[in-house]
Amino acid sequence: ALVGTAEFNPALSADSPHNGGDITFLIDSLGDTWIPNNSAISSFQGHIWGHVTDKLLYVDADGKVSPWIAERWEQNDTATEFTLHLKSGVTFSDGTPLDASAVVANLDIWYAGRKSEGINPIGLFPKTYDHAEAIDATTVKVFFKAPTLGFIPTLGYHGSILVSPKTLAQPAAQQADLSKTSGSGPYVVDSWKEGDFVKLVKRKDYNWGPPAVGHTGPAFLDSITYKLVSEPSLRVAAVQSEQADVAYNASPQELESLKAEGFTIATPRYLGFVNGWAINTKLAPYDDVKVRQALQAGINRQEIIDTVYTPDWKLATSFIQSNVPGATDQSDLLAYNPEKAEKLLDEAGWTKGADGIRTKNGQPLVLTLHSNPYLATSKSVDELIAQQLGKIGWKVAIRAYDVVTFGQKVKYGGPAVPAYEVTRSFIDAGTVASILTNANNGENWFALDESDKTLNELRDKIAGAGSIESRKPLLDELQKYILEQGYFIPRTQIVQRIYVQSPKLKGEVYNGVAYASYYTATKSE
Amino acid sequence: MASQDRLTELFARIDATGSALPQSAPLLRIDGLSVSYGQQEVVSDVGFELGRGKSLALIGESGSGKSTIARAVLRLLPTGGRATGCVEFDGQEVLGLSERRFRPLRGRAIGFVPQDPGNSLNPVRTIGAQAMEAAALIDEPNKAIRKTLILETFAQVGLDNPQRVYDSYPHQLSGGMLQRVLIGLAVLPRPLLLVADEPTSALDVTIQKRILDLLSKLQHELDISLLLITHDLAIAAERADALVVLKDGVVQEAGSTASVFSAPASAYARKLHADVPALNPDRYRALRDPAFRFLGTKADKAPKIEVSGVTKTFTVDGKVLTAVNDVSFAVQAGTTHALVGESGSGKTTAIRLLLGLEQPDIGTIAVAGEQLHGRSHESLRAVWRHLQLVYQNPFTSLDPTWKVEQLVREPLDRFKIGTREERTARVREALDNVGLGEHLLLRKPEALSGGQRQRVAIARALVLKPDVIVLDEPTSALDVSVQADIVEVLLSLQAKLGLTYVFVSHDLALVRQLAHTVSVMQRGRIVEHGTVTDIFGNPQQPYTRSLLESIPSGAAGIARAPHPQPRRIFNEERIA
Amino acid sequence: MTLASTYSTSRVTAIGRLTAFRVPPVVALSFAIVALAIAWSLAPSLFTSYDPVNGVPAQKLLGPSAAHWFGTDHLGRDLYTRVVYGTASSVASALIAVVIGVFAGGLIGLLAGFFGGWVDTLFARLVDVLLAIPKFLLAVIVVTAIGFDTTNAAIATGVSAVALFARVMRSEVIKTRQATFVESSFLLGGSRWHILWRHVLPNASRSVLPLAVLQFGDSILVIASLAFLGYGDPPPASDWGLLISIGKDYLKWPWLVYAPAFVTIATVLSVNRISRWLRKTD
Amino acid sequence: MSKAYLNYAAKRLVQAIVVILLAYVFTFVVVSILPGDPITNVLNNPQNGFTQEEIKEIIAAQGLDKPIPVQLWTSFSGFVTGDLGLSMRTNRPVTTLIAEVLPSTLVLASAGLAVALLLAAVIAYGTQFLPKHFGQGLLRGFPSLFLSVPNFVIGLVLIHLFGFQLGVFRVIEPDSFWATLFAAIALGIPISAQIAEVLIANLDHESGQEYAAVARGRGLGQMRLFAKHLLKPSSLPVITVIALTIGELLGGSLITETVFGRTGLGSLVQRSVSTQDLPVLQAVVSLAAVVFVVVNLIADLAYPLLDPRVKLLGTPERRPTTADESSVGISKAVTS
Ligand SMILES: Nc1ncnc2c1ncn2[C@@H]1O[C@H](COP(=O)(O)OP(=O)(O)OP(=O)(O)O)[C@@H](O)[C@H]1O
Ligand SMILES: Nc1ncnc2c1ncn2[C@@H]1O[C@H](COP(=O)(O)OP(=O)(O)OP(=O)(O)O)[C@@H](O)[C@H]1O
Ligand SMILES: [Mg+2]
Ligand SMILES: [Mg+2]
């Protein structure tokens with residue numbers, strides 16, 4: 001019966017001019033492993049998972065949560081028990097039904113992984129998870145050891161992809177073979193080669209798209225090929241010469257002229273923190289609030305956008321992206337004011353020497369930056385900021401590490417890391433506060449431990465907030481406080497994903513983590 | 001004559017007017033030939049004529065431009081070489097011909113026999129394949145017949161097994177065989193002129209004679225004109241009708257062999273004549289003879305060097321090779337003992353044993369009463385202080401990165417002899433002894449001539465004031481004039497300092513000039529030994545006799561001379 | 001008879017030496033280019049008035065002109081200035097690589113060749129192992145192991161050249177060791193060490209010199225390649241390889257690639273020419 | 001000869017095996033100095049939100065906490081029995097990963113070698129026939145020039161020119177014929193320089209040999225002299241040089257594949273290095289060493305059969321040619 005409905009999908013009817021077509025998406029990496037648990041949150045594989053798998057919930061670009069595989073859900077007052085009601089008739093591409101037991105199997109492996117086999121848990125899945133039960137074929141009940149308000153948004157986060165229980169039962173080496181993985185998404189893997197390409201073809205019987213995107217039947221495009229081209233300029237040039245349809249992560253410098261040539265440029269912002277530094281308050285001189293404030297005022301954010309980026313980038317208005325529900329505008333705290341910065345530094349005892357560099361007790365004023373290896377433009381921004389700070393007597397040293405070394409050497413509050421460059425997404429602003437300190441396995445971004453009373457207080461209040469409305473003013477206060485204290489120094493709102501797209505391709509949708517979905521897209525000849 | 005017809009035909013093609021020349025005209029006429037490499041003129045205004053069926057020898061020291069002239073005739077000058085003047089072949093100016101028009105002459109009309117047989121055949125192709133190229137110059141379409149012709153020619157030049165030679169690669173044949181092959185290939189197309197550039201200088205004395213005999217024979221049998229290049233006046237006089245003496249690219253003297261050889265007009269030709277050992281066996285008699293008296297004192301005085309029953313074997317590729325076999329000899333202090341023999345007869349091995357550089361399998365060696373065998377390098381240092389060696393090749397025995405002063409001084413420093421000033425003084429003295437001026441002190445070996453280098457090597461051996469100097473063919477890499485200088489230096493030092501020499505050579509004429517006693521070696525054994533007068537005057541062994549017969553004597557030249565020369569004595573000895 | 005007579009050869013060699021040392025124009029040009037590169041690395045500020053680090057953001061990505069010979073980069077910095085200031089690091093790192101290769105490789109080769117026996121066998125196998133691993137692969141692995149920066153890339157490049165120098169040195173030493181003058185030095189009372197240091201080393205080194213010069217040019221390329229793959233210094237360093245590597249992201253503004261590439265090529269080519277010339281005159 | 005040859009062959013074979021095994025151990029030691037590995041990297045990334053306990057547990061499960069010698073032994077015994085283990089980055093068998101990319105690299109490397117040989121032959125043999133001054137000087141300059149241009153610049157220029165400006169090939173289809181050809185050109189150019197240098201030096205050497213003059217004295221023209229006399233002896237040493245450039249081909253593919261976006265061994269190495277995927281690196285390096293050693297073994301064994309001059313000396317590594325020095329690619333030795 002379900003297959004029957006698929007055939008009568010309006011999108012397939014004769015009046016739709018755009019059905020069919022193949023597109024090529026040029027990407028800079030295809031990530032590492034394809035074990036679903038280990039790769040789901042990779043920013044590259046997310047593109048493929050987004051087409052091959054579905055999620056329980058849908059989170060749109062503005063952070064709004066809506067039904068998908070879960071048609072409805074309920075929670076108890078203490079947010080420790082959740083009931084999910086599933087859409088019926090959904091199947092994985094290997095034929096297994098996507099029912100309650102399949103969801104339980106997924107929840108279990110998200111939480112625990114199979115560590116001895118090298119299948120990791122999903123790190124961001126709530127650690128308070130206790131267990132889940134299949135009440136009937138379409139009802140799942142999930143139990144938590146403690147209140148977990150963030151559970152529902154997490155289900156729409158890119159880590160939480162639903163995979164066939166048969167796939168999950170396979171050993172790691174099998175799961176790592178993408179072609180052996182079955183999801184319930186609108187596309188299935190046709191073929192792939194490690195480090196080269198992944199080709200997806202449309203699943204004709206797909207009929208359970210998220211209502212929020214306005215289409216639920218099979219996808220329009222016949223196939224999507226993700227092709228690895230590691231040079232950004234080559235990706236763009238290939239799209240320009242019509243050898244491909246989408247180039248991912250183009251160099252910002254080229255966007256202006258591409259736009260002029262008629263290409264679609266998408267710079268969706270994900271939900272999360274802006275690009276900026278978490279300051280290590282344990283490390284002199286950044287233990288001095290005046291120095292931190294001077295840093296806050298000494299950066300010309302507009303110039304960053306003008307020089308390194310394009311107007312598609314937005315000025316940071318807080319330390320979280322402005323599209324995150326609950327973000328407030330703190331722009332006046334982030335205004336460029338070199339005079340103020342110099343004054344603050346003078347007050348803090350840092351005096352300008354003959355060479356233009358400020359010193360105190362013979363020590364020069366130095367800021368060591370570790371460029372974020374995940375963000376291609378990071379080095380250029382660092383260089384520009386180095387110029388800006390240089391003018392007010394700050395000496396900036398830039399270190400660039402590869403991903404691995406960065407992971408080894410650069411940590412929040414690390415001994416030689418005064419500023420940790422953040423590029424980080426999240427779905428629910430409520431989780432923010434707890435990351436900042438070290439309570440409850442928090443990450444202790446500013447190395448404050450439990451020393452800042454105000455921050456601790458705000459954190460606890462936000463965690464205990466019963467509703468979104470009561471949480472809002474607390475979040476505003478938190479943003480103001482952190483920026484005033486100079487704990488976090490925003491640089492720009494982050495656009496981690498840049499899409500350059502052929503004008504023939506239309507109708508794609510960007511979700512809350514800025515992934516493009518071509519489920520709804522069409523291509524004209 | 002078929003070849004003559006072909007040639008005429010050929011020239012008719014080149015130049016319609018050029019063939020009607022009288023037979024009496026010279027085959028090769030060179031006039032005002034100058035050759036330069038880059039800026040440097042190495043042959044200046046050379047001229048001579050070579051008649052049909054005649055032979056002419058170009059002689060001169062190394063670097064005098066002999067090969068350059070030969071190559072100019074063949075138009076095979078290396079890159080950078082440029083010839084001007086006139087080269088007429090069979091009445092036809094050929095220097096100005098285009099390469100395309102000249103090429104047919106090569107091989108067909110002018111054959112070429114190179115100096116070094118080892119390098120003159122392509123190492124990666126069989127002899128046969130290369131012979132076929134020469135055979136292609138004959139107008140013979142049938143390949144089988146061409147091959148038969150090749151094999152016949154190989155037999156004609158004295159190769160025993162022509163088919164085997166035909167199938168061999170060059171490295172599978174000896175130098176003498178290769179030279180025969182090359183001569184065969186050169187005469188195969190029946191050229192009118194054969195240019196032979198020092199065809200025997202890389203060969204052993206005995207083989208040298210055979211090759212020269214072969215060339216003379218072919219020249220007469222096939223009526224070929226021969227342009228022979230050599231630095232050995234005796235050879236030239238023996239084999240050529242006319243001589244051209246060169247120095248620094250300039251003709252010093254030219255004329256019939258008889259006149260040039262017997263009555264050299266130029267100073268240079270006279271010196272050349274005087275420097276050839278074979279022609280002047282008694283040249284150093286005054287310096288050498290006084291030491292003969294030591295030979296008589298055998299009974300009352302132990303010999304300076306005593307080698308007895310020494311045998312040395314090497315194992316090469318699993319085969320045992322006895323390089324020195326039961327060799328014994330003794331040398332009295334103050335005399336010169338010569339070891340002679342063909343290449344590979346074990347001379348070098350014998351003296352390496354004598355120096356302790358190799359250890360004998362059996363036998364004993366004593367120098368000045370001290371045992372040398374069975375000792376380590378370290379313990380031999382003290383012996384070497386009084387026992388020195390001068391190597392055969394002056395180009396490799398001096399460290400090219402050192403200056404002359406350092407080189408000569410090295411042994412003094414190593415043996416820690418004297419103070420700084422004394423060492424400096426001794427270095428000067430040694431250099432002075434060998435006739436090297438102070439202006440050479442700061443030169444490196446590459447800036448010295450071969451003769452100068454060998455003198456440095458001798459000075460270095462002398463500077464320690466050793467009792468015994470062993471000389472391994474110290475002059476074989478040098479030309480006669482330089483050799484004569486060095487020999488004179490050695491003999492006057494012996495007369496002055498009473499040194500004892502062990503002198504290795506394959507040149508019997510040279511040995512005849514300077515040695516007191518001689519051991520003749522063949523295949524590792526000493527076949528005959530005695531005083532120089534005994535050996536040369538009355539050789540007992542056929543081997544010794546064959547060695548002696550190989551010495552070129554300039555006999556032909558003398559035979560053509562109007563008046564016999566007094567220096568024929570040696571020749572008469574040989575005949576006796 | 002005058003024993004002191006000098007031969008015509010002395011005249012010949014004198015002329016020979018003159019011609020040998022007359023520098024052909026191409027080589028002279030090469031020397032000039034290398035000299036310029038050295039001058040750039042010693043006193044970059046003499047050759048340009050711009051700041052290599054701080055640019056004028058408003059003047060980004062300008063094409064080559066009289067004011068900016070090589071144009072400007074994405075941050076509005078004068079590219080010529082960046083090239084000039086990047087020379088020191090490019091040249092110094094290539095030097096480091098050569099020094100490591102020559103010294104480590106030379107020592108291994110010297111000992112292996114001179115002592116022979118088990119020392120030789122041991123070193124020979126080590127060198128074989130190093131040779132068996134593709135040079136560039138080895139450099140990539142070594143630079144990863146010791147961390148990404150230009151100095152480390154230079155060290156890695158040096159390490160990957162060790163085998164080559166060891167091998168050349170060894171064969172030269174063996175050749176020299178068999179030379180007559182070495183044995184002759186024994187007879188003249190020289191000890192093993194004396195011979196090793198005073199005879200074998202200087203002679204064997206003669207052919208290592210042109211090779212070292214050649215390796216210098218090669219090292220510039222290898223280090224640039226490593227920088228190209230992202231194993232070089234962080235910004236604002238402006239090593240030539242880094243500049244090309246950055247430039248490749250801006251293919252629309254091709255001078256960002258071609259200008260530093262041209263400087264690199266010109267320098268390496270000059271160095272190769274000089275090496276070739278050294279080999280000839282040796 | 002035959003017995004000596006077998007002796008020599010046996011010695012070379014044993015030596016080759018020893019070198020391969022040593023190369024494996026050597027790489028393991030170097031690679032285990034590398035900081036971190038893909039697993040710890042993922043775990044350490046704060047964004048992934050793992051707790052210390054979880055991290056420890058996972059690492060122990062992978063055996064990464066064992067001492068290096070133990071790990072070496074495990075991996076070495078695997079290597080000897082042909083089991084290369086699992087890639088830590090992709091969790092897939094290393095053999096599968098290599099098998100996937102090997103064909104592409106083999107195609108590129110052989111095409112690169114073919115281009116190199118062709119170019120080298122044209123340049124080197126061209127010097128024999130062009131007029132002395134102008135043409136020859138130009139041709140003789142090529143190898144130096146080729147050796148001075150960074151491989152990746154050649155690649156960038158080719159892509160820019162032929163991929164985009166002229167549209168000869170599609171950049172996103174790097175395995176197509178034309179794209180492969182241009183990649184092979186980028187890879188082959190520096191290698192052609194090395195081979196051409198050796199060829200030119202050999203040709204100069206051989207044509208300066210007495211036998212060449214003698215053959216000319218026999219009336220041979222330039223063409224015949226070249227074809228019959230110079231070609232073979234000057235080309236034979238190239239066998240040794242080609243064998244030595246195998247390493248360069250593999251090393252060069254690292255850059256060429258990156259520039260042209262090909263998926264092959266080189267790009268596999270790139271990805272594995274950047275995540276420090278030890279088993280894959282280990283396997284690729286060992287594979288490269290095996291290929292290098294085997295190819296050189298074949299060259300060494302074939303050489304004496306092809307060149308009649310060669311006498312087998314006691315020490316097997318003394319090659320008849322100047323292989324020692326030419327491994328730089330520069331024919332230094334060949335000229336000496
Ligand atoms: N290719 C060359 N380029 C430059 N100079 C050369 C060349 N060949 C020979 N010469 C020089 O030309 C001069 C004459 O050389 P040539 O070979 O003709 O002498 P030769 O009399 O044959 O000497 P030898 O007896 O040593 O063979 C020498 O000074 C030599 O150095
Ligand atoms: N180190 C060695 N190993 C093996 N064989 C050797 C060695 N030294 C000499 N021979 C062999 O011993 C024999 C005698 O050689 P030796 O050098 O003593 O002859 P020679 O009379 O000095 O010859 P020449 O006149 O050519 O110098 C030769 O057959 C030679 O090949
Ligand atoms: Mg000559
Ligand atoms: Mg000898």
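Guide: Start with one atom pair: an oxygen atom of ligand 1 is 2.7 Å from a polar backbone atom of Gly63(B). That pair falls under polar contact, a pair of N or O atoms within 3.5 Å; within protein, one must be able to donate a hydrogen and the other to accept it, and residues adjacent in sequence count only if both atoms are side-chain atoms.

Visitor: What should I know about the model before going on?

Guide: This is a predicted model, in which local features need pLDDT of at least 70, side-chain atom pairs count only at pLDDT 80 or more, and totals for chains, interfaces and linings use all residues. Residues are numbered from 1 along each chain as its sequence is written, chains are lettered from A and ligands numbered from 1 in the order in which they are written, and side-chain values use heavy atoms, with hydrogens and water left out.

Visitor: Which side chains have a polar atom at 2.8 Å or 2.6 Å from an oxygen atom of ligand 1?

Guide: At 2.8 Å, a polar side-chain atom of Lys66(B). At 2.6 Å, an N or O atom in the side chain of Ser67(B).

Visitor: Which residues surround ligand 1?

Guide: The general idea is a distance shell: a residue is near a molecule or strand if one of its heavy atoms lies within 4 Å of it. Here the shell holds Tyr37(B), Val42(B), Glu61(B), Ser62(B), Gly63(B), Ser64(B), Gly65(B), Lys66(B), Ser67(B), Thr68(B), Pro78(B) and Glu198(B).

Visitor: Is helix α2 of chain B covered or open?

Guide: First the terms. Helices (H or I, at least four residues) and strands (E, at least two) are DSSP runs, numbered from the N terminus. Buried means under 20% relative accessible area, exposed over 50%, partly exposed in between (1.4 Å probe, protein chains only). Now the case: α2(B), residues 66-74, is mostly covered, with eight of its nine residues buried. Among them are Lys66(B) and Thr68(B), which also belong to the surroundings of ligand 1. After the helix comes Arg75(B), with a positive phi near 55°.

Visitor: Why does Leu192(B) count as buried?

Guide: Because its relative accessible area is 9%. Leu192(B) sits in the loop between α7 (175-187) and β7 (193-197) of chain B.

Visitor: How do I read the contacts between chains?

Guide: Contact means heavy atoms within 4.5 Å. Five pairs of chains are in contact, and chains C and D share the most contacts. Chains A and B do not touch; their nearest C-alpha atoms are 49 Å apart.

Visitor: How many residues does each chain bring to the contact of D and C?

Guide: Chain D brings 51 residues and chain C brings 47.

Visitor: And how is the size of an interface given?

Guide: The size of an interface is often given as the accessible area lost when the parts come together. In this model, buried area is the accessible area (1.4 Å probe) that two parts lose on being put together, summed over both. Chains D and C bury about 4,500 Å², 73% of it on carbon and sulfur atoms.

Visitor: How many salt bridges lie between chain D and chain C?

Guide: The rule asks for a side-chain nitrogen of Lys or Arg within 4 Å of a carboxyl oxygen of Asp or Glu. The count is one. Glu197(D) pairs with Arg276(C), and their closest N and O atoms are 2.8 Å apart. On the side of chain D that touches chain C, α1(D) gives the most, with ten residues. That side divides into 31 nonpolar, twelve polar and eight charged residues. For these classes, Ala, Val, Leu, Ile, Met, Phe, Trp, Tyr, Cys and Pro count as nonpolar, Asp, Glu, Lys and Arg as charged, and the others, Gly among them, as polar.

Visitor: What does the interface of chain D and chain A look like in these terms?

Guide: Here 43 residues of chain D contact 50 residues of chain A. The pair buries about 3,600 Å², 53% of it on carbon and sulfur atoms. The rule finds three salt bridges. One of them joins Asp32(A) to Arg89(D), with the closest N and O atoms 3.0 Å apart. By class, the side of chain D that touches chain A has 17 nonpolar, 18 polar and eight charged residues.

Visitor: How many helices and strands are in chain C?

Guide: Ten helices and zero strands. Of its 282 residues, 60% count as buried.
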